[in-house]
Amino acid sequence: GGGSGSAGSHWESRLFRDEYMTAAASPGPRVVSALTLALFEDSGWYAANASAAEPLQWGFRAGCGFVHESCAEWPRILDKSVDGLDLPPYACGLSSPDRCYYDQRAKAYCELKTYDFLPARFQYFASNPELGGYSQMLDYCPVYRAYSNGNCADPSNAGDEPRRHMPFIDTDGPRGEDGGATSFFGPADPDPDQFCPSCRCFEATPADSAAAFEGEDGGLQPGCFRMRCETERELNVHVGAGRWVKCPEDGGIVHIESPRARTRPTRLRCPPAARVCALEPGFWPTIRSVTPRRGPIEGGTEVTLRGTNLVGAGETPEVLVGDVPASAVHAVSAEELVFITGPNPRATSRDTSDVTVSDALGRAAVLHAGFTYLPGWRPYAETAAICAAVAALCMWAAPWLVVPQLRAHAAHVHARAQQQLRARNAARGLEQGRGSEAAVAGGTSAAQRASAAAPAALAGAAGGSASNGASSR
């Protein structure tokens with residue numbers, strides 16, 4: 001696209017989008033690609049520094065169809081990259097929701113315009129031939145456009161309100177002094193969006209929305225999350241409260257259980273790790289040591305970090321101790337950094353934190369459990385005060401709550417004992433009555449036996465007398 005002012009002197013915007021040598025401005029970061037440096041070198045007028053080439057992600061690994069086919073065909077043909085990875089969404093339509101920009105750096109929306117006339121080759125909507133994308137330079141292709149204040153990698157956007165706001169997990173808790181959500185016994189989750197050099201856009205489902213029950217792809221909204229690439233194939237995303245989620249190597253939906261049982265699981269869509277982490281695989285940072293390895297929660301500890309490839313492309317890296325950004329980061333050399341720890345007032349015990357060094361591309365080195373925040377006496381004093389308050393409350397409530405319950409229980413036990421005593425007495429009386437009846441019955445039987453024996457005795461006596469008389473004769 002374009003007229004005589006751009007034709008023949010710039011790269012084609014539809015194919016090179018955010019390259020400096022395209023004729024259209026872009027709200028996203030512009031890059032100087034290896035192709036532009038090669039053109040300058042081949043002109044014979046310049047000596048190009050090839051190491052200064054920046055990755056051009058627009059159409060990266062999309063294949064020949066991206067170049068030769070109309071953008072109207074992109075949704076149909078651009079499913080997988082040439083190496084089999086999922087591709088980002090390039091084209092959009094009438095009802096397309098907000099998504100992440102193709103390079104994961106910003107929140108994006110589908111901007112369409114109605115024109116008085118569009119050439120036939122630029123008519124992408126059969127229902128409305130005058131409808132097209134926002135830029136003539138892009139051949140009026142209906143593509144996603146980054147919000148002007150939605151660049152997740154720009155810390156200056158932290159104070160703005162992007163047009164679409166993706167809440168984090170559990171953002172309805174009380175707010176702490178540092179702006180993060182807190183709970184009674186410690187931190188819950190940080191602010192809804194994070195803006196930092198190593199932050200990128202990821203699509204997720206808010207835990208408190210009805211969309212949490214929709215299908216795998218339903219209800220996803222773009223939001224800014226801190227991320228780190230520990231290797232070219234290992235992408236981790238920070239989801240709040242010090243929690244990092246490891247993405248599948250080939251991308252996909254990850255289900256995140258909220259630390260609060262009352263909230264629903266959240267879904268996070270991960271891009272393929274290589275699409276984010278393998279842009280410039282060389283010069284990956286590493287960490288060998290951190291000295292000292294402990295300091296107060298108030299911050300202010302000067303720490304020396306040693307490793308390799310700590311400084312890339314002349315940029316000062318970002319350093320995190322746990323979730324807390326370090327300040328005054330100074331690169332002594334590519335193998336040594338000096339920084340000052342930030343305050344971590346939310347640490348309620350000996351908080352052992354990871355130390356992370358990351359560059360603008362998100363390449364990170366992590367020293368797990370590399371620094372310990374020492375809370376001092378205050379958390380213990382607060383815990384003791386809470387315990388004392390609970391004990392005093394129990395003592396105060398005992399006469400009103402416990403004593404009536406004890407009295408009721410004692411009355412119940414006494415009543416049951418009386419009932420059991422009456423039952424035993426009744427049983428004893430019944431047994432005594434049965435014994436008396438048996439004795440009376442036994443006496444009657446003896447009298448009857450005696451009466452029956454008397455005639456027999458008399459008969460025996462008479463017989464004996466007769467026998468005596470006969471003998472006398």
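This is a predicted model: local features need pLDDT of at least 70, side-chain atom pairs count only at pLDDT 80 or more; totals for chains, interfaces and linings use all residues.

Mentor: One term before we start: a disulfide is a pair of cysteine sulfur atoms within 2.5 Å.

Trainee: Which way is the disulfide of Cys-229 and Cys-277 handed?
Mentor: The torsion about its S-S bond is about -75°, so this disulfide is left-handed.

Trainee: Where do Cys-229 and Cys-277 lie?
Mentor: Cys-229 is in strand E9, residues 221-231. Cys-277 is in helix H5, residues 273-277. The pair therefore ties together parts 48 residues apart in sequence.

Trainee: Buried or exposed, those two?
Mentor: Both Cys-229 and Cys-277 are buried.

Trainee: How many disulfides does the structure hold?
Mentor: Seven. Let's take two others. One joins Cys-100 to Cys-201, S to S 2.1 Å.

Trainee: What do Cys-100 and Cys-201 tie together?
Mentor: Cys-100 sits in strand E1 (residues 99-100) and Cys-201 in strand E8 (residues 199-204), so the link spans parts 101 residues apart in sequence. Its S-S torsion is about -75°, so it is left-handed.

Trainee: What about the accessibility of those two cysteines?
Mentor: Cys-100 has a relative accessible area of 3%, so it is buried. Cys-201 is buried too, at 0%. The cut-off for buried is under 20%.

Trainee: And the other one you had in mind?
Mentor: Cys-71 and Cys-141, with sulfur atoms 2.0 Å apart. The torsion about that S-S bond is about -95°, so this disulfide is left-handed. The pair links distant parts of the chain, 70 residues apart. Cys-71 is in the loop between helix H3 (64-68) and helix H4 (74-77). Cys-141 is in the loop between strand E4 (131-133) and E5.

Trainee: Why does Cys-71 count as buried?
Mentor: Because its relative accessibility is 2%, and buried means under 20%. Cys-141 is buried as well, at 1%.

Trainee: What does Tyr-124 touch?
Mentor: Leaving out residues up to four places away in sequence, Tyr-124 touches both Cys-71 and Cys-141.

Trainee: Let's zoom out. What's the secondary structure of the chain?
Mentor: Six helices and 22 strands.

Trainee: How many of the residues count as buried?
Mentor: 40% of the chain's 473 residues. The chain exposes about 25400 Å², and carbon and sulfur atoms supply 56% of that.

Trainee: And contacts across the chain?
Mentor: Take contacts between residues at least 6 apart in sequence. Of those, 57% join residues at least 24 apart.

Trainee: What about Cys-394?
Mentor: Cys-394 is at 48%, so it counts as partly exposed.

Note on methods:
Residues are numbered from 1 along each chain as its sequence is written. Side-chain values use heavy atoms; hydrogens and water are left out. Helices (H or I, at least four residues) and strands (E, at least two) are DSSP runs, numbered from the N terminus. Buried means under 20% relative accessible area, exposed over 50%, partly exposed in between (1.4 Å probe, protein chains only). Contact means heavy atoms within 4.5 Å. Accessible areas come from the Shrake-Rupley method with a 1.4 Å probe; for residues, only the protein chains shown count as cover.
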